[in-house]
Amino acid sequence: MPVSNRLPVTYMLIGINVLISMFAFYSPAFFEAMLFQVGPVRDGEIYRLLTAGFLHADLMHLLFNMFTLFFFGPVLESDRLMGRTRFLIIYFAALLAGNLWALFANFNEPFYAAVGASGAISGVMIAVSLFVPFMMIFFFGIIPVPAILFAVLYIGYSAFAMGAANSTIGHEAHLGGAIAGLVLTLVMFPGVPRHLVRQFRQKFFRR
């Protein structure tokens, strides 16, 4: 069987996120020009729906998102699951869907602003969890957590944290991204629900 020497596109996305986010940490003007903010988007600066996904509020926000993408991304983009093209469709569709969700949820709040790749990563996590729900993710590099539980906790926290005062983290986008990831995965792979049920049966109802 041939072995692919291609660099995972996930690593490229991580590199782009790190470079743009680090630059923005030292350039407040760049950060302000590229973040998602309802008022400017309503005024026609729709590019912010995309560019905000490559900015992060601080170093911990960046590290947590990239840590999550590092574990989930290569699995989803592998030829065993979706492959590169479908992975990128999920990533960018979830990113845009998440920010659109945030836009409509806060449409009458022109100063609402948020940044982060969280919407895209939520879509990726949901997709991976449908295929391999019991893949182990090592939280903080130590604690083993099944992928589906990690995804549920991540998105559940986002729902809980929505509306937090003075936060530039796009918690609303997590939900929109997750829904986009779920819908697109089901559209591209209609047999996934049966596959998921079969895995749960094998895990919990073995004879």
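**Ground rules.** I number residues from 1 along each chain as its sequence is written, and I use heavy atoms for side-chain values, leaving out hydrogens and water. Since the model is predicted, I take local features only at pLDDT of at least 70 and side-chain atom pairs only at pLDDT 80 or more, while totals for chains, interfaces and linings use all residues.

**Aromatic pairs.** I searched the whole structure and found 11 aromatic pairs. I paired rings of Phe, Tyr and Trp (its six-membered ring) if their centres lie within 6.5 Å; planes under 30 degrees apart count as stacked, over 60 as edge-to-face and the rest as tilted. I then checked burial, where buried means under 20% relative accessible area, exposed over 50%, and partly exposed in between (1.4 Å probe, protein chains only). Phe70 has a relative accessible area of 41% and is partly exposed; Phe71, at 25%, is partly exposed too.

I took Phe87 and Tyr91 next: their ring centres are 6.2 Å apart and their planes at 40°, so this pair is tilted. Phe87 is buried at 0% relative accessibility, and Tyr91 is buried at 0% as well.

I also noted that Tyr11, Phe67, Phe70 and Phe71 form one aromatic cluster.

**Charge over a ring.** I looked for NZ of Lys or CZ of Arg within 6 Å of a ring centre and within 35 degrees of the ring normal. Arg42 lies over the face of Phe107, at 4.8 Å from the ring centre.

**Helix 6.** I use DSSP runs for helices (H or I, at least four residues) and strands (E, at least two), numbered from the N terminus. Helix 6 covers residues 84–105, and both Phe87 and Tyr91 lie in it, 4 residues apart, about one turn of the helix. An α-helix has 3.6 residues a turn, so residues three or four places apart point the same way. I counted 22 residues in helix 6 and a reach of 31 Å from its first C-alpha to its last, close to the 32 Å expected at 1.5 Å a residue; the expected span is 1.5 Å times one less than the number of residues. I listed the buried residues of helix 6 as Phe87, Ile90, Tyr91, Ala94, Leu95, Gly98, Asn99, Ala102 and Leu103.

**Salt bridges.** My criterion is a side-chain nitrogen of Lys or Arg within 4 Å of a carboxyl oxygen of Asp or Glu. I found 2 salt bridges in the structure. Arg48 and Glu45 join at 2.6 Å, N to O; Arg48 is buried at 6%, whereas Glu45 is partly exposed at 29%. Glu77 and Arg84 join at 3.9 Å, N to O; Glu77 is buried at 6%, and Arg84 is partly exposed at 24%.

**Nonpolar patch.** I built patches from residues with over 30% relative accessible area and no salt bridge, joining like charges within 9 Å and nonpolar side chains (Val, Leu, Ile, Met, Phe, Trp, Tyr) within 5 Å. Areas come from the Shrake-Rupley method with a 1.4 Å probe; for residues, only the protein chains shown count as cover. Val18, Met22, Tyr26, Leu59, Met60 and Leu63 make a nonpolar surface patch of about 630 Å². Helix 1 (9–25) and helix 5 (59–77) each supply at least two of its residues, and helix 5 gives the most, with 3. I checked Val18, which sits in helix 1 and is partly exposed at 31%.
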